[in-house]
Amino acid sequence: AAKQAGKNQFSYFTREMDERAHARLQLSYELRHAVERNQLSLCYQPIIDLRTGVMAEAEALVRWKHPSLGNIAPSLFVPIAEECGLINAIGNWVFQQAVGCSRRCSQHAKKLIPIGINKSPLQFIRQDEESDWLQYLERMGISANSIIVEITEGLLLHPSSNVNKMLMQYAQSGMRLAIDDFGTGYSSMSYLHKFHIDYLKIDQSFVHDIETNASHRTIAETIVIMAHRLGLEVIAEGIETRCQMEILAQAGCDFGQGYYFSKPVPERELLDMLPRQFIH
Ligand code: C2E
Ligand code: MG
Ligand code: MG
Ligand code: MG
């Protein structure tokens, strides 16, 4: 009977896996057309200077509105885009939109409002014309410091020569680099001084319970101290309460991002928020 149950269980799981694989395949076909069919859009989440309480920059977050399934989370479709070779096309589209947004925000605010863009490790592999972001900025006459590239720690652990080359070019151009989800990866730390990094983004898993979890609070405080001693600035992700914001500001954290200030919004709403005082 146990053998029988085991067998049933096995076939149950394979059927479920089959369905999942099929759903992913279906999505990958539809994702192929998402850009040209105008189904992708960008939302922008304000990043607040915790000293002054005003917006200093914003992060671009891609959205996919599927015609029948509705909104599909990037945590679901970005990995599909990576698997089926669409991440360059989508990533380059995101980049060009974000460049335009930075230009309009900066005009509106009468100061530079850089936009953070998430860049997948796979986007560092192929270097075609479309993926040459520095060349695009130069053509458009836009300063490279209007873009902050967000990467994860994994990219820097065993960097290929191409990764080294691109990050070197970025740094020389004035484009800035942020380490996303900092503290959740390998935390080898040795890469921190090998590359020209500008920001560490404290992962939201340390922020969400910072009021009650003493070790997470210590980790966040220690990241800030270490970053500052290395000459980097710190952005805390996922701030949802005033208390979390105050603890992080107290710790000397430079910037904050999260629902407490604003959820990710369309560009129109971002522009309206530029003059706002977020901390009272
Ligand atoms: P991420 O870059 O770490 O982005 C932060 C995520 O946290 C976003 O989720 C954002 O909506 C969410 N968030 C912001 N504030 C709060 C908060 O206070 N509480 C909570 N619980 N969550 C908050 P989102 O938009 O679903 O994006 C998820 C991930 O998908 C991103 O994580 C990023 O890794 C990836 N992603 C998004 N857009 C792009 C893109 O254009 N290209 C690539 N390669 N990846 C992207
Ligand atoms: Mg990010
Ligand atoms: Mg720099
Ligand atoms: Mg993150």
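**Note on the ligand and magnesium sites**

1. Along the chain, the donors of the magnesium ion (ligand 2) are spaced E-x58-N-x31-E-x29-D, where donors are N, O and S atoms within 2.8 Å of the metal (3.2 Å for Na, K and Ca), and water is not among the atoms, so sites may look incomplete. The model is predicted, so local features need pLDDT of at least 70 and side-chain atom pairs count only at pLDDT 80 or more, while totals for chains, interfaces and linings use all residues. Residues are numbered from 1 along each chain as its sequence is written, chains are lettered from A and ligands numbered from 1 in the order in which they are written, and side-chain values use heavy atoms, with hydrogens and water left out.

2. The residues that coordinate the magnesium ion (ligand 2) are Glu59 (OE), Asn118 (OD1), Glu150 (OE) and Asp180 (OD), at 2.0 to 2.2 Å. Distant parts of the chain are linked by the pair of Glu59 in strand 2 and Asp180 in strand 6, which are 121 residues apart; strands (E, at least two residues) and helices (H or I, at least four) are DSSP runs, numbered from the N terminus.

3. Because Asp180 lies in strand 6 and Glu237 in the loop between strand 8 (233-236) and helix 9 (242-250), the pair ties together parts that are 57 residues apart in sequence.

4. Around ligand 1 there are 21 residues, the closest being Arg63, Asn118, Asp180, Glu240 and Tyr259; a residue counts as near if one of its heavy atoms lies within 4 Å. This shell divides into 8 nonpolar, 7 polar and 6 charged residues. Strand 2 (55-66), helix 2 (74-83) and strand 6 (176-182) each supply at least two residues of the shell, and the largest share, 4 residues, comes from strand 2.

5. Polar side-chain atoms approach oxygen atoms of ligand 1 at 3.0 Å from Glu59, at 2.9 Å from Arg63 and at 3.1 Å from Gln204. Taken alone, ligand 1 exposes 810 Å², of which the protein buries 80%, with accessible areas from the Shrake-Rupley method and a 1.4 Å probe.

Terms used. A polar contact is a pair of N or O atoms within 3.5 Å; within protein, one must be able to donate a hydrogen and the other to accept it, and residues adjacent in sequence count only if both atoms are side-chain atoms. Ala, Val, Leu, Ile, Met, Phe, Trp, Tyr, Cys and Pro count as nonpolar, Asp, Glu, Lys and Arg as charged, and the others, Gly among them, as polar.
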